[in-house]
Amino acid sequence: MSAAADPRAHRVDAAPAGLELTILMPCLDEAETLASCVRKAQAFLSGSGVRGEVLVADNGSVDGSQAIALREGARVVDVAERGYGAALMAGMQAASGRYVVMGDADDSYDFSRLMPFVDGLRGGSDLVIGNRFRGGIAPGAMPFLHRYLGNPVLSFLGRLFFGVGVRDFHCGLRGFDRERFLALGLAGRGMEFASEMVVKASLAGYRITEVPTTLQRDGRSRAPHLRTWRDGWRHLRFLLVHSPRWLFMLPGATLVTVGVAAMAVIGVRSVNIGGLNLDVHTLSYAGAAIILGVQMVLFAVLASSMGIRNGWLPGDARNRLLSAITLERCLVAAAVLFLAGIGMSLYAVFLWAARDFGVLDPSATMRWVIPSVTLMGVGGQLGLAAFFLEALRLPDAPR
């Protein structure tokens, strides 16, 4: 087997220095379409006057894709680690251009029409993403679930969670400033890399713009590498984990608010709503909502602290808020809550003693027991979480 076809190799052919653009194509067994993609990219470079190169990041092809790329005048970097993100990261590191435009090597994107991406980058954008819904999607080019469910839902969540004004979050044709993106420390190795680029660029305050682009039916006879449900979940998981506010804080705060309101009302007397009687049984669910909600809020604080420490969340306002949450303040609050719960429990025992420790009316006694248990649980949670947060703040040991 030649070096070009050996997936274990990691060879990068020499390229001229000082190029403006690298057109990067991740590749895994794309012999049917790779030549067409490289030719279109070369035609764009020669026709536009942009000084650049075509770089193929091969992810272990065994169908001769490497030889095809070399024959068509592209450079090849062989990437041993499998995965869409792994191939793109290796390609970014090997690229010689100031800017990089990446796109799939399946002939679904038109590499001969890249000027809007280059113009956007020259105009100061750090990331320029294609919008296939504005540019046009050929019949059969995008599966029904991707077009009407997966992409719209994930794009909506990306805009909601991170305030990114991008309508096509997962378009594979995009251009970016190479040095700026290498500085982000992108770590995704699978298809979620596409989401990571947008999310981390947004969190870092990078300028992101969209340009219309077209999507054609790909020219492959085999099934695509993308797996709808598996890769969709990986994208959704990434969006959620990188947004503690939406994953933990807002749902948790909602549970606490609803639980406290219900406990404040039902803790005094039963409530009848349209013939529906809400009593101590509902009160127990309100207590559970408060405990779960507080836990989620604490998770938001801990996840944010960890994200800032590890660099995948920005500091700014979060740092100021977190700095106000000290171990000592949390312990004082935890002690007050726990002691309040103890006090209510003692009063419930007093009521029991007044009945000679006999049978009690649950509708009366549980109005003291449930809030007391809730307060003690919340106090314990807060105190333990405060020590965990303090542990996250410890400086790294010298290496």
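Asp29 is placed in the loop between strand S1 (19-27) and helix H1 (34-48), where helices (H or I, at least four residues) and strands (E, at least two) are DSSP runs numbered from the N terminus. Its phi is near 55°, a positive value in a residue other than glycine, and at 24% relative accessibility Asp29 counts as partly exposed. Here buried means under 20% relative accessible area, exposed means over 50%, and partly exposed lies in between (1.4 Å probe, protein chains only). This is a predicted model, in which local features need pLDDT of at least 70 and side-chain atom pairs count only at pLDDT 80 or more, while totals for chains, interfaces and linings use all residues. Residues are numbered from 1 along each chain as its sequence is written, and side-chain values use heavy atoms, with hydrogens and water left out.

**Loops**

- Most residues other than glycine have a negative phi.
- Phe357, in the loop between helix H13 (327-354) and helix H14 (362-392), has a phi near 55°, a positive value in a residue other than glycine.
- Asp104 is found in the loop between S4 and helix H4 (115-122), and with a relative accessible area of 23% Asp104 is partly exposed.
- Asp104 and Tyr84 are 20 residues apart in sequence, and their C-alpha atoms are 9.8 Å apart in space.

- Strand S4 (residues 97-102) pairs with S6 in the antiparallel sense over four bridges, two strands being paired if DSSP finds at least two bridges between them, and Tyr99 stands opposite Asp177 in S6.
- Strand S5 (residues 127-131) also runs antiparallel to S6, joined by three bridges, and the bridge partner of Val128 in S6 is Gly175.

**Aromatic rings**

- The structure holds nine aromatic pairs; rings of Phe, Tyr and Trp (its six-membered ring) pair if their centres lie within 6.5 Å, and planes under 30 degrees apart count as stacked, over 60 as edge-to-face and the rest as tilted.
- One of these pairs is formed by Phe161 and Phe162, which is edge-to-face with 6.2 Å centre to centre and 75° between the planes, and both residues are buried.
- Trp352 and Phe357 form another edge-to-face pair, with 5.0 Å centre to centre and 80° between the planes, and Trp352 is partly exposed, with a relative accessible area of 36%.
- Ring pairs also link Phe161, Phe162 and Trp246 into a cluster.
- The charged end of Arg180 sits over the ring of Tyr206, 4.0 Å from its centre, where such a contact requires NZ of Lys or CZ of Arg within 6 Å of the ring centre and within 35 degrees of the ring normal.

**A nonpolar surface patch**

- Phe144, Leu145, Tyr148, Leu149, Val153 and Trp229 make a nonpolar surface patch of about 690 Å², and patch residues have over 30% relative accessible area and no salt bridge, with nonpolar side chains (Val, Leu, Ile, Met, Phe, Trp, Tyr) joined within 5 Å and like charges within 9 Å.
- Helix H6 (residues 144-162) gives the most to the nonpolar patch, with five residues.
- Trp229 lies in helix H9 (residues 228-241) and is exposed, with a relative accessible area of 65%.

Conventions: Accessible areas come from the Shrake-Rupley method with a 1.4 Å probe; for residues, only the protein chains shown count as cover. A salt bridge is a side-chain nitrogen of Lys or Arg within 4 Å of a carboxyl oxygen of Asp or Glu.
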